[in-house]
Amino acid sequence: MALDALDQKTLSSLPRLSEVYDAYGVEVNALSLNEIFALYERAGFLYPEKAARLTPHLKQVRDNWRRMLKAGDSLLYVLTAGDKKTGLASIAVWRTTHNGWTSQHLVSENNPMASRAVMLAGTAASILKGVDESHQNWFRPENRFPSRVFGSMVQTIGQSLSCVQRHMYFALPKNSRMPSGEGFASFLMILPTKRPFA
């Protein structure tokens with residue numbers, strides 16, 4: 001059997017994306033933008049320090065999300081599971097490169113099964129699409145839940161298929177003048193650290 005025919009046979013035997021989402025009990029872009037941000041507030045994702053830093057930019061953030069969500073699931077999509085009675089869980093999936101995605105903003109109203117559903121459905125959809133070469137998930141190590149779930153993945157699935165890397169974010173005013181040449185690295189090293197948004 002030719003490789004193309006074999007590929008086609010494999011692809012035709014796979015479930016449709018809608019069947020994957022149904023199997024996990026997940027909906028795609030089911031919440032309005034206002035409902036998403038209300039869920040973030042209820043679940044504590046927008047904790048006071050983060051909210052204080054984001055509030056001046058929230059109008060622009062919402063506008064960017066609104067425009068990206070209009071593209072269906074080609075730039076940004078939000079998976080949700082659960083309900084108001086048992087608690088909702090949600091995760092946002094962003095296209096970061098032509099063949100790469102980042103899952104962020106995992107929130108849950110004390111519903112671990114819904115959290116599991118949105119994470120697994122997002123991964124299953126990426127596998128089913130067959131065009132994704134990488135998938136990232138950013139989290140703060142001091143946040144116990146994602147650290148326990150994602151920080152242990154190298155021990156769970158191995159170094160050949162995963163890695164966990166530490167990064168530090170720095171906040172600089174847009175109008176800052178950056179030193180040129182070798183001085184830039186030492187300039188960054190003396191900056192005070194800021195808590196990341198992830």
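Predicted model: local features only at pLDDT ≥ 70, side-chain atom pairs only at ≥ 80, totals over all residues.
From the N terminus on, the elements of this protein chain run α-α-β-α-α-α-β-β-β-α-β-α-α-α, which gives nine helices and five strands in the chain. Of the 198 residues in the chain, 30% count as buried. If we take the contacts with a separation of 6 or more, residues 24 or more positions apart account for 59% of them.

Let me turn to one pair of helices. Helix 3, which covers residues 33-42, packs against helix 5, residues 58-69, at an angle of about 130°, and the two axes lie 11 Å apart. Because an angle over 145 degrees would be needed to count as roughly antiparallel, and 65 to 115 to count as roughly perpendicular, helix 3 and helix 5 are described as oblique to each other. The crossing in which helix 3 passes helix 5 is right-handed.

Which residues in helix 3 and helix 5 meet? From helix 3 there are Leu 33, Asn 34, Ile 36, Phe 37 and Tyr 40, and from helix 5 they meet Leu 58, Val 61, Arg 62, Trp 65, Arg 66 and Leu 69. Sorted by class, this contact of helix 3 with helix 5 has eight nonpolar residues, one polar residue and two charged residues.

Side chains of opposite charge can pair when their charged atoms come close. In this model the count comes to two salt bridges, with 4 Å as the cut-off between nitrogen and oxygen.

One of them joins the side chains of Glu 109 and Arg 42, at 2.6 Å from N to O. This pair links distant parts of the chain, since Glu 109 sits in the loop between strand 4 (100-108) and helix 6 (112-129), whereas Arg 42 belongs to helix 3, and the two residues are 67 apart. Arg 42 has a relative accessibility of 49%, and therefore counts as partly exposed.

The other is formed by Asp 63 with Arg 67, where the closest N and O atoms are 3.6 Å apart. Here both residues, Asp 63 and Arg 67, lie in helix 5, four residues apart, or about one turn of the helix. Asp 63, at 30% relative accessibility, is likewise classed as partly exposed.

Although Arg 16 and Leu 128 are 112 residues apart along the chain, their C-alpha atoms are separated by 8.1 Å.

Finally, a word on the backbone. Most residues other than glycine have a negative phi. His 105 is another residue other than glycine with a positive value, its phi being near 60°, but His 105 is found in strand 4.

Conventions:
Residues numbered from 1 in each chain as written. Heavy atoms only, no water. Axes fitted to C-alpha atoms, helices over the stretch in contact; angles between N-to-C directions. Parallel < 35°, antiparallel > 145°, perpendicular 65-115°, else oblique. Left-handed = near helix turned anticlockwise from the far one by under 90°. Contact = heavy atoms within 4.5 Å. Nonpolar A, V, L, I, M, F, W, Y, C, P; charged D, E, K, R; others polar. Buried < 20%, exposed > 50% of the residue type's maximum accessible area, 1.4 Å probe, protein only.
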